[in-house]
Amino acid sequence: MSTTTFTAPEIECQGCANSIKKSVGAVPGVQSIEVDITTKQVSVAHEASTPVAAIASAIEKAGFTPVSS
């Protein structure tokens with residue numbers, strides 16, 4: 001299991017967090033997603049074989065800019 005953390009500066013509310021969780025949750029191999037609205041960070045626990053680029057793409061599809069932390 002691996003954990004990857006991104007910063008998404010546009011996160012402002014629980015609705016933002018829910019959008020990210022829904023989009024990232026659809027990526028195969030993702031086990032859990034934590035979104036911290038205060039720090040604007042997204043932490044994703046995933047299988048080691050899950051491409052980080054696929055997670056970043058899912059965050060982008062939700063309308064946010066993922067910046068690797």
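**Helix packing and selected residues**

A58 lies in helix α2. Helices here are DSSP runs of H or I with at least four residues, strands are runs of E with at least two, and both are numbered from the N terminus. Before I go on, the basis: this is a predicted model, where local features need pLDDT of at least 70, side-chain atom pairs count only at pLDDT 80 or more, and totals for chains, interfaces and linings use all residues. Residues are numbered from 1 along each chain as its sequence is written, and side-chain values use heavy atoms, with hydrogens and water left out.

Back to A58. At 6% relative accessibility A58 counts as buried; buried means under 20% relative accessible area, exposed means over 50%, and partly exposed is in between, with a 1.4 Å probe and protein chains only. Leaving aside neighbours within four places in sequence, A58 is in contact with S23, V24 and V27, where contact means heavy atoms within 4.5 Å. The C-alpha atoms of A58 and I20 are 7.6 Å apart in space, and the two residues are 38 apart in sequence.

That brings in the helix pair. Two packed helices are described by the angle between their axes and the distance between the axes. How do the axes of α1 and α2 cross, and at what angle? Helix α1 covers residues 14-25 and helix α2 residues 52-61; their axes come within 8 Å and cross at roughly 140°. That makes α1 oblique to α2. On the terms: axes are lines fitted to C-alpha atoms, for helices over the stretch in contact, and angles run from 0 to 180 degrees between N-to-C directions. Angles under 35 degrees count as roughly parallel, over 145 as roughly antiparallel, 65 to 115 as roughly perpendicular, and the rest as oblique.

From α1, the residues making the contact are I20, S23 and V24, and from α2 they are I55, A58, I59 and K61. By type, the residues of this contact divide into five nonpolar, one polar and one charged. Here Ala, Val, Leu, Ile, Met, Phe, Trp, Tyr, Cys and Pro count as nonpolar, Asp, Glu, Lys and Arg as charged, and the others, Gly among them, as polar.

Next, the strands. V44 lies in strand β3 and is buried, with a relative accessible area of 0%. Not counting residues up to four places away in sequence, V44 touches S2, T3, T4, V24, V30, S32, I33 and I55. V44 and I55 are 11 residues apart in sequence and 8.2 Å apart from C-alpha to C-alpha.

E34 is in strand β2. Is E34 buried or exposed? At 54% relative accessibility, E34 counts as exposed. Its C-alpha atom is separated by 6.5 Å from that of V44, 10 residues away along the chain. With residues up to four places away in sequence not counted, E34 touches Q41, V42 and S43.

T4 is found in strand β1, residues 2-7, and counts as buried at 15% relative accessibility. Which side chain does the side chain of T4 make a polar contact with? The partner is the side chain of H46, at 2.7 Å. A polar contact is a pair of N or O atoms within 3.5 Å; within protein, one must be able to donate a hydrogen and the other to accept it, and residues adjacent in sequence count only if both atoms are side-chain atoms.

A8 lies in the loop between β1 and α1 and is buried, with a relative accessible area of 1%. Beyond its neighbours within four places in sequence, A8 is in contact with K40, F64 and T65.

K40 itself lies in the loop between β2 (30-36) and β3 (41-46). Phi of K40 is near 60°, a positive value in a residue other than glycine. At 27% relative accessibility, K40 counts as partly exposed.

T50 is in the loop between β3 and α2 and is buried, with a relative accessible area of 5%. Not counting residues up to four places away in sequence, T50 touches V27, P28, G29, V30 and I55.
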